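Good morning, and thank you for coming.

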There are 4 protein chains.
Amino acid sequence: MTEKQKRHSDPALAEARRNQVLTAAADCFRRKGYHGAGMAEISKTAGMSAGHIYNYFNSKEAIIEAIIQRDMEEMFSVFQQFEDDPGELLTNMLDGADHGVERHIDKEKNALELEMLAEAARNQKVAFLMQQSDTHARARFRRLLTGERSLVKDATDKELDARINVIFAMITGLAMRRTLYPELQKDTILLALRPALRTLLSPFN
Amino acid sequence: MTEKQKRHSDPALAEARRNQVLTAAADCFRRKGYHGAGMAEISKTAGMSAGHIYNYFNSKEAIIEAIIQRDMEEMFSVFQQFEDDPGELLTNMLDGADHGVERHIDKEKNALELEMLAEAARNQKVAFLMQQSDTHARARFRRLLTGERSLVKDATDKELDARINVIFAMITGLAMRRTLYPELQKDTILLALRPALRTLLSPFN
Amino acid sequence: MTEKQKRHSDPALAEARRNQVLTAAADCFRRKGYHGAGMAEISKTAGMSAGHIYNYFNSKEAIIEAIIQRDMEEMFSVFQQFEDDPGELLTNMLDGADHGVERHIDKEKNALELEMLAEAARNQKVAFLMQQSDTHARARFRRLLTGERSLVKDATDKELDARINVIFAMITGLAMRRTLYPELQKDTILLALRPALRTLLSPFN
Amino acid sequence: MTEKQKRHSDPALAEARRNQVLTAAADCFRRKGYHGAGMAEISKTAGMSAGHIYNYFNSKEAIIEAIIQRDMEEMFSVFQQFEDDPGELLTNMLDGADHGVERHIDKEKNALELEMLAEAARNQKVAFLMQQSDTHARARFRRLLTGERSLVKDATDKELDARINVIFAMITGLAMRRTLYPELQKDTILLALRPALRTLLSPFN
DNA sequence: GATGAATGAGTATTCATTCAT
DNA sequence: TATGAATGAATACTCATTCAT
């Protein structure tokens, strides 16, 4: 409960070590899951002793929390790529969907995300961190939707929220399709995904 | 390897006990996660000794497998309700979406589904069972889409598959929205969900 | 500790049931060892419920004790066969050695004997029972050695004891050779066993 | 299957700890038997936590295997003492029998050997290790019998094998006599053991 | 007499965490 | 700063034993 934080004489080194651990742990969690990956394996992957990790993190749980804080946003920032792209948003996204689906259908990556979501369902702190990231991601996407190049820039806030959430749901959901239906091909998905996206990015009549 | 099953002289009692365990275990898994919930807690929740549970299930894993087999199908059978409903499928589903979203936004239920999905990412057998259920659900939904009352009954197999998977993704994804954005309201979702569904259930162009 | 004994209305049936259990248990112990064989397996082999066995035996330990009491003597009565045989003892035994070795080199049987001996090393009661049997067997063998047809009938008590114990040791030891040297053949053994037996059954010098 | 072995930065300490465990375990197995002795008791006897033992041994089975490998050879190397002794083998052994019997009649040591033999009857790997040791011991003894100072150095291989096995049987068997007949005295045994040994170490007619 | 449902103490093993060095 | 030896509580699972029927 109490957040006691170690003092480090060389903050730069400390930061480097923290990242070493986070990267290693993320990798292990991805491969084995949060419960499946042991501190021993993480420490070996991180190239430092198990004991030493505790100079940077108070517990294994603190590690996954830090991973979320570091990686989460990226995880939900599917649409980052369209931020600086000129041209109509709809066109850009339809064109980018191909690449986007490909990236988000990666089973390994999904495993970690699932792990985190499941953890969020029962761990308040994890839930809070993920919600923050999600909020951030939604805000960013909203900016896209209300930008000059968007066809729905005049929609009400509520409608925008609706569009954003359904789009996000679709993306998250597609990521999980692979777990339940491994044979599913990217081009099959795109066949229906593109029309649905078009609808969600265009005015509703 | 060998599936040896205890003989029970009173099959009704045995079935009751099995369900006792499944219900208790589902509850525990929901609250603590598959790995977080111990047999001790499950047995206390089920109102029987830990040892006795093993007269009905060969392992903890067998329990989650049975839960999947019991619950999974129902989970994906959202569309069962439309099977016998007369009238155009699109209209029915748009009308039913209200109720459907409500049911699938239940946080508790989602927690268990997430747990299962996360486990599936690591556990072959769990994955297989969930895939079976999903296949079954897709088949049933496909029957709806190719039925007399469907607007897309003439679509190619591949296109049908696309539609089905994107719709399923949306449903699954929406379920998870609540974890990441608890304030999200049902009616907000419907605002964008209905148009998207209309697109996915109507001919493209 | 306290030896409470069940009353049985039909003593004959009770005795039959006891033997059913003992035979089944001996078989299981032989195949799986004392610790390896469970009451469940024993009860199935005996054709009665596990609970019912406890109407005849107070514990699993009581079963192995009873087995010893029933079987032990036979185990050490290798020489029974010569009791009624006419002719010189030495000749009889040398002739019988062939058959005797064959019988005592059976691995399965030895397993149970070993189990019992090991148990005797730490269980007072088992030890006592086995010692009783051994004493009985030695007495009987002594009778052979002091009988009319024996070449050493005039040896002192101590010398007789010596002969008996070394012979018994050899028999027991040979039984165990098979565990440590499975390729050992009966006829090889006899090559040296016969001369040794001749020495042990003839006057020294 | 894969034999992964923990790395230890201080091999001397590791070796000391391993021996601590082996000694403690041997003691516990002797008193309670392999199945009767729990890791908890072993760890307490060894003066370290149960968990820590697993840094040196992969399993309880690995412990008994290591004990065998450490102790077994010595157990069967009764005859080591005669290796460097000048003089006729027969004389040496008859003279040494006194001391040999004394050493091999130790009840405590026998208890452990019995335990191991009993385990070997059920456990393939244990059996294999003991057979290896036995083979080694027989080979060494054979060298004695075929040495310059032996009276039977010209015997056939098969006959030698016979002699060796009967002698070994006698030794092993005598060790067990004490369990079944605790009052048996060393000098009584020797009375018959010496003539038998003489026969087994001299040409057969 | 006979069952088998139910118990609960016991098992080996794992693993996050601590701490002396 | 860094190690890894050491801990001990927790884990899933087993099995002799009891007892209501």
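Let me begin with a term: a salt bridge here is a side-chain nitrogen of Lys or Arg within 4 Å of a carboxyl oxygen of Asp or Glu. Please bear in mind that the model is predicted. By that rule, 6 salt bridges cross the interface of chain A and chain B. One of them joins Arg122(B) to Glu115(A), with 2.0 Å from N to O.

Which elements of chain A supply two or more residues to the side that touches chain B? They are α1 (11-32), α6 (107-120), α7 (124-145), α8 (157-180) and α9 (186-201) of chain A. The largest share is that of α8(A), with 17 residues. Sorted by class, this side of chain A holds 28 nonpolar, 13 charged and 9 polar residues.

Turning to extent, 50 residues of chain A meet 48 residues of chain B. The two chains bury about 4,200 Å² between them, and carbon and sulfur atoms give 69% of that area. On the chain A side, the residues that lose the most area to chain B are Arg122(A), Arg177(A) and Leu180(A), together 15% of what that side buries.

I now move to chains C and D. Here 48 residues of chain D and 50 residues of chain C take part in the contact. The buried area is about 4,200 Å², with 69% on carbon and sulfur atoms. In chain D, Arg122(D), Arg177(D) and Leu180(D) lose the most area to chain C, together 16% of what that side buries.

This interface has 6 salt bridges. Among them is the pair Asp134(C) and Arg177(D), whose closest N and O atoms are 2.6 Å apart. The polar contacts between chain D and chain C amount to 14 residue pairs, both at pLDDT 80 or more.

How are these two copies related? A rotation of 177° with a shift of 0.1 Å along its axis superposes chain D on chain C, at an RMSD of 0.9 Å. That is the relation of a two-fold axis. The same surface serves both copies, since 100% of the contact residues of chain D recur in chain C.

Finally, two pairs without contact. Chain A and chain C do not touch, and their closest C-alpha atoms lie 32 Å apart. Chain B and chain C are likewise not in contact, with closest C-alpha atoms 12 Å apart.

Terms used
Residues numbered from 1 in each chain as written. Chains lettered and ligands numbered in written order. Predicted model: local features only at pLDDT ≥ 70, side-chain atom pairs only at ≥ 80, totals over all residues. Heavy atoms only, no water. Contact = heavy atoms within 4.5 Å. Buried area = accessible area lost by both parts, 1.4 Å probe. Helix = DSSP H or I, 4+ residues; strand = E, 2+ residues; numbered from the N terminus. Nonpolar A, V, L, I, M, F, W, Y, C, P; charged D, E, K, R; others polar. Least-squares fit on C-alpha atoms with pLDDT ≥ 70 in both. Polar contact = N/O pair within 3.5 Å; in protein donor to acceptor, adjacent residues only side chain to side chain.
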